[in-house]
Amino acid sequence: MDSKKEAAAIYDAETDSSDGGSDNQATEDPELAQQRAKRIDDLFTFVRFGNRSDTRETLTSAKDIHDDLVNERDTNGYTCVHWAAKKGDVEMLYILQSFNAKLNCQTLGDSRMYPVHWAASEGRIGALRFFLE
């Protein structure tokens, strides 16, 4: 439990420093926060199940109100890129990249793994080639 709290604190610090703290979720309207959380949840589901059309649609529709949705993390500190790499879904990786996904971000917590590590550990050669391009 302590490592999750630590990971959350690290993520908050990274987020605040990367965008100057302009995304102040503490003052966000509760209804908007709920919509945002659902959109994030849906996106991770679409990526994990390889649903490319819904992934594109979600990222496109969210661009105006949540332009960095593609780089959000799930409750374990993983990004959509991590999940696509783990599955070896190269087409999904290209979709995420087209929405400016960060390809070299580490997981939060103790492991600090990059998506390329996940691809390698799962033997996903196509995904490894994608990251090495």
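Which backbone oxygen lies 2.8 Å from a polar atom of the side chain of Arg73? It is that of Gln106. This comes from a predicted model, where local features need pLDDT of at least 70 and side-chain atom pairs count only at pLDDT 80 or more, while totals for chains, interfaces and linings use all residues. Residues are numbered from 1 along each chain as its sequence is written, and side-chain values use heavy atoms, with hydrogens and water left out.

First, the overall layout. The protein comes to seven helices and zero strands, and along the sequence this reads α-α-α-α-α-α-α. Helices (H or I, at least four residues) and strands (E, at least two) are DSSP runs, numbered from the N terminus. Of the 133 residues, 33% count as buried, where buried means under 20% relative accessible area, exposed over 50% and partly exposed in between, with a 1.4 Å probe and protein chains only. As for contacts (heavy atoms within 4.5 Å), take those with a separation of 6 or more: residues 24 or more positions apart account for 66% of them.

Back to Arg73. This residue sits in the loop between helix H3 (52-62) and helix H4 (80-87), and it is buried, with a relative accessible area of 15%.

H3 has Thr55, Thr58, Leu59 and Ala62 buried. Viewed down the H3 axis, these buried residues fall within an arc of 90 degrees, so they line one face of the helix; the arc is that of the directions from the helix axis to the C-beta atoms. An α-helix has 3.6 residues a turn, so residues three or four places apart point the same way. Among the elements covering the buried residues of H3 are helix H2 (30-48) and helix H5 (90-98). In H5, the buried residues are Met92, Leu93, Ile95 and Leu96. They take up an arc of only 160 degrees around the axis, which puts them on the same side of H5. Their cover includes H2, H3, H4 and helix H7 (125-132). Following H5 comes Asn100, with a positive phi near 65 degrees.

Next, the aromatics. Rings of Phe, Tyr and Trp (its six-membered ring) pair if their centres lie within 6.5 Å; planes under 30 degrees apart count as stacked, over 60 as edge-to-face and the rest as tilted. The count under this rule is five aromatic pairs. Tyr78 and Trp83 have ring centres 5.7 Å apart and planes at 75 degrees, so this pair is edge-to-face. Tyr78 and Trp118 also form an edge-to-face pair, at 4.6 Å centre to centre with 70 degrees between the planes. This second pair ties together distant parts of the chain, 40 residues apart: Tyr78 is in the loop between H3 and H4, and Trp118 is in helix H6 (residues 115-121). Tyr78, Trp83 and Trp118 make up one aromatic cluster. Both tryptophans in it are buried, Trp83 at 16% relative accessibility and Trp118 at 8%. Each also has a charge over its ring, meaning NZ of Lys or CZ of Arg within 6 Å of the ring centre and within 35 degrees of the ring normal. For Trp83 that is Arg48, over the face at 5.3 Å from the ring centre, and for Trp118 it is Lys86, at 5.5 Å.

The side chains of His82 and Thr79 are joined by a polar contact of 2.8 Å, and a polar atom of the His82 side chain lies 3.2 Å from the backbone oxygen of Cys105. Leaving aside residues up to four places away in sequence, His82 touches Cys105, Gln106, Thr107, Met113, Tyr114, Pro115 and Trp118.

Finally, the cysteines. With a disulfide taken as a pair of cysteine sulfur atoms within 2.5 Å, the count comes to zero. Cys80 is in no disulfide, the nearest cysteine sulfur being that of Cys105, 9.8 Å away. Cys80 is buried at 0% relative accessibility, and Cys105 is buried at 9%.

Definitions and conventions: Polar contact = N/O pair within 3.5 Å; in protein donor to acceptor, adjacent residues only side chain to side chain.
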